[in-house]
Every structure is written in C-alpha cells, then in structure tokens.
Amino acid sequence: MTAPGENLRINSERLWDALMEMAKIGPGIAGGNNRQTLTDADGEGRALFRRWCEAAGLTVGVDQMGSIFARREGTEPGLDPVYMGSHLDTQPTGGKFDGVLGVLGGLEVIRTLDDLGIRTRRPIVLVSWSNEEGTRFVPAMLASGVFAGLHPLDWAYDRTDRDGKRYGDELERIGWKGEEPVGNRPIHAMFELHIEQGPILEDEGIDIGVVTHGQGLKWLEVTLVGREAHTGSTPMYKRRNAGLGLARVTELVHEVAMDYQPYAVGAIGHMDLYPNSRNIIPGRATATIDIRSPDKGVLDEMDDRIRAGILTIAEALDITATVEQVGHFDPVAFDPGCVATVRAAAERLGYSHRDIVSGAGHDACWINRVAPTAMIMCPCVDGLSHNEAEEIYPDWAAAGTDVLFHAVVETAEIVE
C-alpha cells in the first residue's frame with residue numbers, strides 16, 4: 001500500500017467550523033450539548049450531517065437502527081470499504097466533542113480527499129452509529145451492537161427510556177428508521193477517532209494516543225430492601241436502613257477497584273433512594289455499579305468480590321440484596337495491523353504518540369468483533385468528558401484528524 005505524503009493535511013479551520021456548527025444543535029445549559037438519542041435535537045443533528053454528506057457527493061444510507069452510512073466510491077466498487085466514524089448523540093450534560101469529533105473528522109477526511117483530487121481503490125464509508133451513549137436507552141453502543149450481532153433487532157427496538165418510550169417508536173417518530181437491514185454491510189477495516197476522555201495524553205504532552213486495547217466493562221444493578229421508618233422516633237438498633245447499605249456498597253466498590261491498580265476502575269454513577277423523603281429512613285435503594293479493567297480475569301474477580309461484599313453488608317444490616325448484570329463487554333484487543341497503521345501515520349506526520357488503553361466503551365469495540373478495527377485518540381483538557389465543560393484545542397482536533405486521514409487513505413489505497 002502507498003502511504004500518503006507527509007505534507008498531506010486536513011483543513012483544520014473547516015473542521016473546527018463544522019464542530020462549532022453542530023454544537024449549535026441541542027445546546028446544553030453550561031456551554032456543552034444535550035443531544036440525547038432519538039430526541040428532536042438528535043434528529044436535527046442527523047439532518048445537518050446528511051446535508052453535509054450529500055453536498056460532498058456521498059451516497060447516504062440509513063439502516064433499521066438509524067445508523068447513517070455515507071459512501072465515497074472507490075475505483076474498484078466491488079472491494080470491501082474502509083470505514084471511519086463514531087456517534088453524534090450526547091450525554092444529557094455532554095460536551096461538544098465526544099463522538100462528534102470522530103464523525104466530523106471523518107467528513108473532513110472526505111472533503112480533503114475531494115480538495116486534493118485523490119482517488120482510492122477501495123470505497124470509503126463514513127458512519128454515525130445510533131445510541132452510542134446509552135443514556136436514554138440502555139445499553140450503550142446499541143446500534144453497533146446490533147450490527148455486530150450481539151443484540152437482536154427486536155430486542156433493541158423494545159429498549160425503553162424512563163418514560164416508557166420504546167427505541168423503535170422514537171426512531172420512527174423522528175423520521176430516522178431506515179429500511180436497510182442491520183449488519184449487511186461488509187467492512188475491510190474501521191478506524192474511529194475520539195477524544196481520550198482521560199488525562200494521560202495531556203499530562204504527558206502527547207499528541208496522539210494509539211489505542212491498542214479497550215477496557216472490559218460490567219454494569220451491576222444492585223437493589224437493597226430494608227424497612228421504611230420514621231427518622232426521629234426509630235431507635236438506631238431497630239433500623240433496617242437501605243440507604244446505609246448503599247453507602248457501604250459505594251465504599252466497597254471503591255476499595256475493590258483500588259486493589260487492582262493501576263488499570264482497574266469502579267464507581268457508582270447512578271442511585272435512587274425510596275421514598276426519598278427527608279424524615280423517612282430509606283426502605284429501598286437501587287444503584288448501578290460500573291467496574292472496568294483491560295484484564296478479563298481481573299474484571300471477573302472484581303465482580304465476584306463485590307457481589308460477596310454486598311451480601312455481607314446486607315446480612316449485617318438485616319436488609320436483602322439482589323444484584324443483576326445489566327451491561328457487559330469483555331476487554332478488547334484491537335487489530336495489530338490497523339494499530340500499526342495508526343502508529344506509522346503519527347510517526348510519518350511527526351506527531352508524538354504513545355500506546356494507550358481506552359477506559360471507555362466505543363462503537364469500535366463492537367465492530368472489532370466483525371472487522372479489523374483500531375482507534376485514534378487526541379487529548380482533552382484536564383481529561384474531562386461527559387461534562388459540558390469538555391474542551392479540546394483546534395490543533396489537537398487537527399492532529400487526530402490528520403492521523404485518521406493517513407490511516408484511512410493508506411488502507412483504502414491511493415490510485416496513482
């Protein structure tokens with residue numbers, strides 16, 4: 001394969017303008033974005049993306065999960081395409097770059113190819129996957145999971161939000177339920193550009209993270225049931241306090257994660273107390289435990305220890321406990337060939353780089369099961385993400401997209 005010349009770079013100003021234009025859709029309340037899956041704002045963002053793709057001469061298709069595929073034809077259309085992309089949906093208090101950089105960086109790759117008149121043997125497909133965040137509809141990476149054969153389509157359609165609205169119904173409501181069967185598209189290789197969502201690259205002054213692995217994840221939903229009682233008149237020794245149990249579970253998760261440093265992590269990110277009244281001892285508490293590790297054995301060990309610890313806590317407080325796994329994926333090792341292509345692109349362009357493990361789940365983690373896949377990361381300020389204060393600099397966005405351009409174009413093979 002012929003690598004692009006080191007002087008070939010994307011148009012960084014045009015990329016930044018596109019990022020800022022998309023950020024106007026679904027604005028948050030503190031400078032970020034609230035463009036949750038299958039909301040009206042999500043539909044508006046999808047429409048803008050489609051217009052940009054069509055203006056670039058791409059052929060746009062939509063599958064039955066609502067994922068958008070924009071194809072730039074190769075000189076040999078029968079060859080399997082090279083894919084790039086990420087997602088446009090955000091957290092309720094999300095930033096302007098999580099996922100979006102990978103989609104609009106891919107669009108900039110297409111625009112730069114057109115500017116330079118470069119043709120490739122293989123087609124190139126830019127994809128925006130639906131419901132990567134999993135905030136409104138659990139689980140995360142839902143559409144890419146259906147694409148990769150992990151979830152049945154009907155099961156995905158039946159996922160509901162907190163108001164009981166179904167994924168399938170909401171997808172149809174906003175007008176983005178395509179007719180294309182999910183998973184029927186061949187993929188030669190896929191590259192996903194993303195912000196790091198952690199502090200390592202910025203702390204070390206590194207331009208590019210070459211993602212070799214993705215952490216495995218388990219979400220455990222714990223329910224503790226005690227007895228509601230008056231906070232003022234119930235003696236301490238008579239209490240069956242589900243809230244106290246949840247506090248101890250929170251501490252347990254932290255302690256277990258600390259025992260597997262430096263790579264394991266764990267926390268409770270969502271919790272509810274019932275009846276949630278200031279003068280009633282909680283009779284029920286629910287929470288979701290999030291544990292992650294790049295080592296499957298460690299992840300399973302953490303799971304076992306947490307479950308055992310929860311039962312011990314429940315017994316000591318005379319409450320009951322149930323634990324249900326509501327989300328899971330095993331650690332991911334990305335394709336060595338694709339990883340090497342990313343590393344070589346960073347070196348060719350003169351960007352500092354280091355191997356890195358992704359601490360978050362991404363669509364690439366599922367697509368890696370059906371096609372060779374790799375990820376590229378750029379720094380984000382203070383490692384902050386899933387927060388409206390999420391920020392990157394234009395130079396960081398440009399460097400990541402330059403590497404994406406070189407990796408994709410080399411894999412798609414330039415026609416001399």
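Predicted model: local features only at pLDDT ≥ 70, side-chain atom pairs only at ≥ 80, totals over all residues.
## Around Ser293

Ser293 sits in strand 11, which covers residues 284–293. Setting aside residues up to four places away in sequence, Ser293 touches Gln215, Gly216, Ala264, Val298, Leu299 and Pro331.

There's also a polar neighbour to look at: a polar atom of the Ser293 side chain lies 3.1 Å from the backbone nitrogen of Asp295.

## The annotated binding site

UniProt, in an unreviewed entry, puts the feature "binding site" at Asp98, Glu133 and His386. These residues are spread over 289 residues of sequence, yet they cluster in space, with a largest C-alpha distance of 9.7 Å.

## Asp98

You'll find Asp98 in the loop that runs between strand 3 (82–87) and helix 3 (100–116). Its relative accessibility is 5%, so Asp98 counts as buried. If you skip neighbours within four places in sequence, the contacts of Asp98 include Glu133 and His386, along with His87, Asp89 and His194.

## His386

His386 is in another part of the chain, the loop between strand 15 (373–378) and helix 12 (394–412). With 40% relative accessibility, His386 counts as partly exposed.

Again leaving out neighbours within four places in sequence, His386 is in contact with Gln91, Thr93, Asp98, Glu133 and Gln197. With Asp98 there is a side-chain link too: a polar contact of 3.2 Å joins the two side chains.

Notes. Residues numbered from 1 in each chain as written. Heavy atoms only, no water. Helix = DSSP H or I, 4+ residues; strand = E, 2+ residues; numbered from the N terminus. Polar contact = N/O pair within 3.5 Å; in protein donor to acceptor, adjacent residues only side chain to side chain. Contact = heavy atoms within 4.5 Å. UniProt positions renumbered as here; feature names shortened; annotations may be inferred. Buried < 20%, exposed > 50% of the residue type's maximum accessible area, 1.4 Å probe, protein only.
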